[in-house]
Amino acid sequence: MTASTNAASRLADALAIILGTDGIPLRLKAWDGSEAGPKDAPVVVFRSRRALRRMLWSPGQLGLSRAYVAGDIEAPGDIFAAFAALSAAGKFAEPGPFRPPTPGEVFALVKAAVRLGALGTNPAPPPEEARVSRHGRRHSKGRDAAAISHHYDVGNDFYALVLGPSMVYSCAVWESDETGLDAAQTAKLDLVCRKLGLQPGMRMLDVGCGWGSLALHAAQHYGADVVGVTLSVEQAALARKRAADAGLTDRVDIRVQDYRDVDDGPFDAISSIGMSEHVGREQIQHYSSHLQGLLRPGGRLLNHAISWNAGATPPDPDSFIPRYVFPDGEMLSLSEMVAALEAAGLEVLDVEALRRHYALTLRAWVRNLEEHWDEAVRFAGLGRARVWRLYMAASALGFEAGITGVNQVLVQRPGGAEPPLRRSAWN
């Protein structure tokens, strides 16, 4: 065996130990040009020894993610195939805790690292890694604002490339695999409005309103008067412009405001789409009670949120997504979310699971990003573009594997009109 072959082979052996698996179902290319692994397998390129060093210091998902974001490794072909292989080997899409290596494995790793010239100090994390802890206690208003800014103030131009004309950053509703992304997002907006029972003149609160797409749809197509709140300054600026361009400034009020500071109820309907994941387990009961208090008797609330499926390994708070994508984000199980809403005195009318729909949505966003890669890098920087590519592809695999789900929970404050007898009223 040549020295060149040894580099890739030793790298494969080291990765097998780090990821806790017997083998790597990948074609590995090392920094010296050597290759190892099945010839027909997805390819992952290790561009430098620093990639392995990152994984030695942070075994598992975090070290691998840092290496990808920093450009120390590449997945030049089908990124879904490469990450699926890593997921099968080391549960990359399931950010649970990794089994620590045994003393014998540590010795083998050190030996391999010495032979590969990969020993050294821990490389600094890529600058895209979030630093929100300095902003105060977890889920304080200041820290939540910093966390939201980290994720959403990447740049409206960047998000426009990824999301497309709909500018909707949550799970779409697909009639079939062939439904286009924009049509699927319009279908989701319409479904939310129908579930809320919107009628002309109703007053609606959109919590976490994003770039205003739902608020505009509710005002334009259902005649609602909408208050939208977000903590992202960039989102609010574009949402206001979109409302002005549509001639809806008298019907749509966009605010940079924490939902906890909204005090001008009552509202006939409240939507919370992809926002409660930022609330946190300790705050979820206050969140539910506060929104209940803003509803009129008989008013409906639709909570649309990603859930952590109870049978999966609990998420590691030190994994890639909390570090790079959603600082302080917490996914609750569906049962936790429903329990919090019921404890706030809200009656559950309907629960709809959309897990497969989110996988389709994420794959569409990845296609958009890859098709506009050079522009995305120009708008957000190479590291940030790599973060989003990794996060969306890995998340799609998580939904497809049933590790994560997404659910719309429709509830009503008692005391008003009775809800419809069947869900056909909104489906």
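Good morning. Let me begin just past the end of helix α9, where glycine 223 adopts a positive phi of about 70°. Please bear in mind that this is a predicted model.

I turn now to the helix itself. Helix α9 covers residues 213-222, and eight of its 10 residues are buried, so the rest of the structure largely encloses it. The buried residues are Ser213, Leu214, Ala215, Leu216, His217, Ala218, Ala219 and Tyr222.

What do the buried residues of α9 pack against? Their partners include two helices, α8 (181-195) and α10 (233-245). They also pack against the strands β5 (203-207), β6 (225-230), β7 (252-256) and β8 (267-273).

Among these strands, I would draw your attention to β6. Five of its six residues are buried, and it is therefore largely enclosed by the rest of the structure. With β5, strand β6 pairs in the parallel sense over five bridges. Within that pairing, leucine 205 has valine 227 of β6 as its bridge partner. Together, β5, α9 and β6 form a β-α-β unit that is right-handed.

Let us next consider the pairing of β6 with β7. These two strands run parallel and are joined by five bridges. Here glycine 228 lies opposite isoleucine 254, a residue of β7.

Thank you for your attention.

Notes: Residues numbered from 1 in each chain as written. Predicted model: local features only at pLDDT ≥ 70, side-chain atom pairs only at ≥ 80, totals over all residues. Heavy atoms only, no water. Buried < 20%, exposed > 50% of the residue type's maximum accessible area, 1.4 Å probe, protein only. Helix = DSSP H or I, 4+ residues; strand = E, 2+ residues; numbered from the N terminus. Contact = heavy atoms within 4.5 Å. Pairing = 2+ DSSP bridges. Right-handed = clockwise from strand over helix to strand, strands pointing away.
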